[in-house]
Amino acid sequence: MKVLKFGGSSVGTPECILKVKNIVEGQSEASIVVVSAFQGVTDQLVSVSQMACERDEGYKTLLNEIEQRHYNAVRELFQVNQQSTILAGIKVLINELDETLHGVYLLQDLTQKTQDTISGFGERLSAFIISLKINNAYLVEVRDLIKTDSNFGKARVLFSQSNHLIEEHFKSLKKYAIVPGFIASNEKGETTTLGRGGSDYTAAILAAAVDASVLEIWTDVDGFMTTDPRKVKKAYAIEYLSYAEAMELSHFGARVLYTPTIQPVLKKRIRIHIKNTFAPEKKGTLIGTQEIVQNQSPIKGISSIDQVDLITLQGSGMVGVTGTSMRLFTALAKRNINIILITQASSEYSISFAIHPDGTREAEQGIREEFLHEIETLHSIRVLVEKDLSVIAIVGERMRHTPGISAKLFQSLGRNGINVIGIAQGSSELNISVIISNHSLRKALNVIHEGFFLSHYKELHLFLVGMGTVGSSLLEQIRNQQEKLMINHRLKVNLIGLSNSGKMIIDPEGIDIDHYKELMSEGLPADLAGLSRQIAELNLRNSVFIDCTASQEVSETYKQLFNNYVSVVTANKIACSSGYDIYRGLKNTAQARGVKFIYETNVGAGLPIINTIKDLINSGDKILELEAVVSGTLNYIFNTLDAENRLSDVILKAKELGYSEPDPRIDLSGIDVIRKLIILSRESGYRIEEKDVKISPILPEDCFKGSLDDFWKKVRGYDEEFEQQRQKLEKKNKKWRFVARLENGKASVKLSEVGMDHPLYPLEGSNNIIMITTERYREHPMIIKGYGAGAEVTAAGIFADVIRIANI
């Protein structure tokens, strides 16, 4: 014999009831079927009783809605020639309910006893209808079988008496018995109820009494989920749970099962199977002894309670004083305050506990009355209340045998900027509970779930600003690599935000890169402050802000992003080459928040220059001298100059090829090289400001005045002069290189002549090179050389930096 229980969502509509019929009639053994009221009816019954008590005539309208809903169900489920008898049966129950409500209306008195009577009509009505729809089924008057005390509202079951009645009634069951859940009766035959989730409890009581082979709880989800699927989209059903794990998850917010349900079947070691009425083919969750879960993950689920308040009793008046805890919890018990979680400092200086917010005022009042002398006279104790908090619990039987669980939990939270306010863990190590801000709940659940259940892959959430040649190339590379990254590196890259100078789009579900141009055309007006605000409000785990601009305004958002625990990958040199204190402050803020600030592409595009310098210094080496060609644009220009390619022509060609800035004067002024040298010098351990860099300009200052059109006219006037100098240089077997130098702590940039024996001489095209002289590499400097300009290699470098964040 087995017991099946169907909740309100499973019997909410006639279509649902037909699914229940198919499930029950498909059982191969005799079955007791416990049903809840139609979805929402119990809440309506509570409302209608309160309205009647308040002499609100509207209760009659609501009662009529309840009546018509059940009539309509009958009309959809049964043939016309069957309906009259069934409708008459419903009318009998509705009349009984109406009389009870009329009495409440006249007396303006609603006792808990009367409330129990009214609340139980939902199950009585649904069970009556369902018992007539299922073939070979009959309706059981459960109040004759389950006996309780007279604690109306949450009656205590008299098991010895109830078990005997249940066993006798069902010992000859052949097919299906339909039982209304939630209700019972006392020894006087008066209706009582079993409290919240009472239908689950009814099913468990029956299953234990008849030694059922299994208790099946049919609901609208696939089973116990790894976490709340409304907050974590990648939550999935847990295949196996132990009784203890199920109880812990239920206590901390998993609403699949009513916690007391487990107690009766636990004693009999009867398995509980959670199944989905709307997807009966799914495996569901099987709950049983620890043996069935011994080969499973140490962490079985992550549960949460959305809204709690944390009350703390704190002060020197508690230290070493016997009986403080007893007084505290006695005061709370007298006021029926349910405590969710307790944590206490080992110094005895404070005790904190979490409760539901609706009990906070009562709890605080009780504590202040109990400790009035210590609070008002001695001022040795104070009461603190923190609101808008949530509790998260990770649960698993095998946690006690697995080191590092706590470390993984707190690392996941800390790396994503989620502050832990309180911690509780029992000596059994069955669960670890943390209290956090409610604002961080969704993010916390996602990062913990990713850490424990999705550790086979990681997600990054990207926000890209700047969609010029580099930004567009980066998007193309991400599009081409998304699938490979997931397959080969278990990395899922989600593009959440895009912005250029005109438009922006944000989609928490992810932007389709294949259609980003069309989406951008319909985007909102670009608003950098608004974008930063939305990034903070979304509060997504593993968020990365990518800056592909040359904008100072964008660089000024970095600190705010760091404070919101967002990593930054930037090709924008302004932040790291501005004032030294700004540079150092950004690095310190990122480090303090545990996020990443990566700017490898500031120098050398995709070349590993900055990280190499960092590695040298971190390993104890000292940078003595740097000599570098770090402008791919200028190197291309001086490599391309010849008798047929004059200066102005080559500059124009560099612009057309995308090597130079849209305004080539930025490159020719040397400011780009100066910024790169500042960054390299700072990374090498030297405090260098822009004013400290000595520059010998390539062109006279007059070329940089006026409009861009003026520049093109002026630069043509120097074509012949440069060609003459080039010819002289060629005769000496030398070449021009615009060299950045750091020597003896002094920084300089200038157009230099280098001979054939110099490492800078053979540098081709737009390549970059850097020679690093250190205490270890003194005689033979370390040389890094390669392609150092162009949208594709810069984008590739940025992409590599983004992936590096995922691997850290």
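**Close-up views of a predicted model**

**Figure 1. The whole protein.** The accessible surface comes to about 35,900 Å², and 47% of it belongs to carbon and sulfur atoms. Areas follow the Shrake-Rupley method with a 1.4 Å probe, and for residues only the protein chains shown count as cover. This is a predicted model: local features need pLDDT of at least 70, side-chain atom pairs count only at pLDDT 80 or more, and totals for chains, interfaces and linings use all residues. Residues are numbered from 1 along each chain as its sequence is written, and side-chain values use heavy atoms, without hydrogens or water. The C-alpha atoms fill a box of roughly 115 × 75 × 55 Å along the principal axes.

**Figure 2. Helix H25, residues 647–656**. Helices are DSSP runs of H or I, at least four residues, numbered from the N terminus. Leu 647, Ser 648, Val 650, Ile 651 and Ala 654 are buried (under 20% relative accessible area, 1.4 Å probe, protein chains only). Down the axis of H25, these buried residues fall within an arc of 165 degrees, so they line one face. The arc uses directions from the helix axis to the C-beta atoms. They pack against helices H24, H26, H28 and H29. Just after H25, Gly 658 takes a positive phi of about 85 degrees.

**Figure 3. Around Phe 545**. Contact here means heavy atoms within 4.5 Å.

Methods:
Buried < 20%, exposed > 50% of the residue type's maximum accessible area, 1.4 Å probe, protein only. Helix = DSSP H or I, 4+ residues; strand = E, 2+ residues; numbered from the N terminus. Lists of a residue's contacts leave out its neighbours within four places in sequence.
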